[in-house]
Amino acid sequence: MEKAVAERNPFSPSFGKIPGIFVNRDNLTSTIKDRLITHDDLYQTTLVSGTRGSGKTVLITEVASSLARRPDWIVINLSSDEDILPTLARKLYAGSAGIMGKLFKPFGNFKVDIKGIGAELGRENETLTEVDARINIENMLQALKRKKKSVLVTIDEIINTPRIRRFASVYQILIREDYDIQLLMSGLPHKLSELQNDEGMTFLLRANRIELEPLYLPEVKEEYEGAFASRGRKILPEAAVAAAKLTGGYAFAFQSLGYELWEAGSGTVTEETVNSVIPAYKKMLFRNSYQKIYAELSAKEREFVVAIAEAYEGNRASFSEMKKRADGQANYASVYRNRLIGSGLITPAERGYVRFTLPFFADFIENDIVPYLD
Ligand SMILES: Nc1ncnc2c1ncn2[C@@H]1O[C@H](COP(=O)(O)OP(=O)(O)OP(=O)(O)O)[C@@H](O)[C@H]1O
Ligand SMILES: [Mg+2]
């Protein structure tokens, strides 16, 4: 008899792709989606904040694609590094194709206008100025509003650039004028704060900011069990609990550890199996996520991260111990502590202590960073 082909590893430790196995975040996805559909004012402008690998792209992609399936919604995904306003104008026109033609028939004078847009937007290579783009966007939003079409714009990985700021100030005018447009953006915590605190962007401080919390461990355990069971394999309950704890609720860790557990063999996954894959799991975390996180820190932040790792005992570091190790920088310790908390890398633990939020991060600093410092 032919042996059944081994089932493909269902875990997906890669960034920016909707994974096959998904841990529900307390219905966050459906809450955002529902509130957008009911036009809850608070959700009109929503910022999703989280560290690298916490699941921002997956979350906004889920919301965007489920709204895009609705006939009364037009969803436009933009990225920080393109000409946002002209692209929005183009995509709005393309996204409402068919509608625009019909829409504008009854309004003789608009017809001319829209033809203008069509011609202009059709020529991909020609630059549409931001001012023209804005006028076109307003005209189209007016028409769409009449047709009761809602527009969702998403921008993943927000950064504070002049383009984003110009887009944000136009967006601010559009919502003031009561067009049916909503904005869902995501970014690293400090990047979002930088944009929110920029001059002229204060309206973003009133926006709905959602901090991505760690995945709920009992939910992680259940997903591990389900992932194996539904594919004819088994993970023992105590092994699933041990695995869940090892992820610390970090989304990328959930996929990485799941991936390694699946690869570990075809038998039942026991606690021993879990322990045996820890080295490979750590390697995946360190190389594919933590190296990048570390590289993106400023020189000073790195010094403090190293000081915290050196002060680590058990699963936490004493703040005063960390201060001692940050030689000559002790005066800045509180500033950097707050900054690292703000960027989601550490959290206050018991009084006087901090801990890294990501699993094995102290281990990473100690073994993959410190020995190679100059
Ligand atoms: N709810 C979830 N359940 C399980 N896995 C998830 C979940 N959300 C994200 N992931 C997984 O976590 C990893 C990171 O997800 P994602 O790319 O969305 O993170 P991100 O916050 O956008 O990261 P970056 O800041 O690098 O862009 C991916 O492997 C993805 O499959
Ligand atoms: Mg992302």
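## Ligand 1 and its shell

Ligand 1 has 24 residues around it, and Gly 16, Arg 52, Lys 56, Thr 57 and Gln 255 come nearest; a residue counts as near if one of its heavy atoms lies within 4 Å. This is a predicted model, where local features need pLDDT of at least 70 and side-chain atom pairs count only at pLDDT 80 or more, while totals for chains, interfaces and linings use all residues. Residues are numbered from 1 along each chain as written, chains are lettered from A and ligands numbered from 1 in the order written, and side-chain values use heavy atoms, without hydrogens and water.

**Exercise 1.** Work out which elements give two or more residues to the shell around ligand 1.

*Solution.* 
- Step 1: list the elements. They are helix H2 (56-68) and helix H11 (251-263); helices are DSSP runs (H or I) of at least four residues.
- Step 2: H11 gives the most, with 4 residues.

**Exercise 2.** Explain why ligand 1 lies between two domains.

*Solution.* 
- Domain 1 (26-211) and domain 2 (217-290) both give residues to the shell, so ligand 1 lies between them. The bounds come from an automatic or database domain assignment.
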